[in-house]
Amino acid sequence: MDQLTPSELVFLHGERFATRAIAGNVSLPLSDRAVATDQLATAVLTAAFLANEEEGAIRFEMGETARWLGLRKRTALSVATNGPAPMWPDHTLEWAVSTFLGGMEGETGTADPILVAALVDALFDGDETDPWRYVIELVEDGLAARGLLDRRRERWLRLPTGRTEYGLTGELERLAADSSPEKIERLFSAVETARPELWKLLRWELERAVAARLDTSSYYVYHGSS
């Protein structure tokens with residue numbers, strides 16, 4: 001039986017993890033609501049990392065990293081393999097975090113932790129005009145690859161727009177009805193309460209890493225940033 005991962009549940013119940021912005025919103029598949037794309041992207045990535053930590057697959061490490069020719073330092077967040085990777089469904093963010101981390105550690109040939117920002121950067125093929133929406137599409141593509149979302153080309157007045165639409169399937173509705181995001185809400189709350197420094201740093205690193213993939217070569221204004 002297929003199961004939904006924490007990041008997928010955050011996406012499906014996005015109204016519990018993000019708020020609507022003036023602009024820059026994304027529609028949620030299970031309701032007629034829309035929430036800020038950047039907030040939701042940060043939430044699904046947060047879920048993917050924390051879920052892997054909860055399963056014992058990764059550990060977080062906080063350390064100093066040099067900036068501005070070594071004249072100034074800041075705290076940076078890294079991750080390292082801590083145990084066997086869980087059997088996450090392929091092409092989910094949870095799968096990507098554990099798989100890419102193992103691959104990047106193998107490339108370095110050392111046990112040195114990998115920066116969270118570098119791991120997020122590995123999710124991207126290049127810069128995007130809307131990197132926050134790209135993260136959401138990674139979740140949608142993973143669901144579509146498992147047959148839980150219908151993927152089709154969007155059309156306007158019978159003309160293709162070049163964008164992709166995703167439609168609900170009965171199986172996804174059933175799985176969503178049988179699952180609850182409350183466990184993820186409790187996990188978020190527990191980390192925020194017991195490890196506030198980690199919580200703030202993880203969210204900041206994720207937001208910064210995604211924003212760094214914004215394509216500034218084309219005219220684009222993103223509204224609704226958190």
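Q: In which strand does Ser27 lie?
A: In this predicted model, Ser27 belongs to strand 1, which covers residues 25–27.

Q: Why is Ser27 called exposed?
A: The relative accessible area of Ser27 is 55%.

Q: What is Ser27 in contact with, leaving aside its neighbours within four places in sequence?
A: Ser27 is in contact with Arg33 and Ala34 once those neighbours are set aside. As for Thr37, it stands 10 residues from Ser27 in sequence, and the two C-alpha atoms are 8.9 Å apart in space.

Q: What makes Ala80 count as buried?
A: Ala80, whose place is in strand 4, has a relative accessibility of 1%. Buried means under 20%, and therefore Ala80, at 1%, counts as buried.

Q: Which residues does Ala80 touch, not counting those up to four places away in sequence?
A: Ala80 touches Ala57, Ile58, Arg59, Glu61, Leu101, Glu105 and Pro113. One of these, Ile58, is 22 residues from Ala80 along the chain, with a separation of 5.5 Å between their C-alpha atoms.

Q: Why is His91 described as partly exposed?
A: The relative accessibility of His91 is 48%. Partly exposed covers the range between the buried limit of 20% and the exposed limit of 50%, so His91, at 48%, counts as partly exposed. His91 is placed in the loop between strand 4 (72–81) and helix 3 (93–108).

Q: How do you know that the buried residues of helix 7 line one face of the helix?
A: The buried residues of helix 7 are Ile184, Leu187, Phe188 and Val191. Viewed down the axis of helix 7, these buried residues fall within an arc of 95°, and they therefore line one face. On the face turned away from the buried side, helix 7 carries the exposed residues Arg186, Thr193 and Ala194.

Q: What do the buried residues of helix 7 pack against?
A: They pack against helix 1 (6–12), helix 2 (37–54) and helix 8 (196–211).

Q: What describes the packing of two helices?
A: Two packed helices are described by the angle between their axes and by the distance between those axes. For helix 7 and helix 8, the axes come within 5 Å and cross at roughly 115°. Helix 7 contributes Phe188, Val191, Glu192, Thr193 and Ala194 to the contact, while helix 8 contributes Pro196, Leu198 and Trp199. By class, the residues of this contact comprise six nonpolar, one polar and one charged.

Q: How many helices and strands does the chain have?
A: The chain has eight helices and seven strands. Of its 226 residues, 45% are buried.

Key. Residues are numbered from 1 along each chain as its sequence is written. This is a predicted model: local features need pLDDT of at least 70, side-chain atom pairs count only at pLDDT 80 or more; totals for chains, interfaces and linings use all residues. Side-chain values use heavy atoms; hydrogens and water are left out. Buried means under 20% relative accessible area, exposed over 50%, partly exposed in between (1.4 Å probe, protein chains only). Helices (H or I, at least four residues) and strands (E, at least two) are DSSP runs, numbered from the N terminus. The arc is that of the directions from the helix axis to the C-beta atoms. Contact means heavy atoms within 4.5 Å. Axes are lines fitted to C-alpha atoms, for helices over the stretch in contact, and angles run from 0 to 180 degrees between N-to-C directions. Ala, Val, Leu, Ile, Met, Phe, Trp, Tyr, Cys and Pro count as nonpolar, Asp, Glu, Lys and Arg as charged, and the others, Gly among them, as polar.
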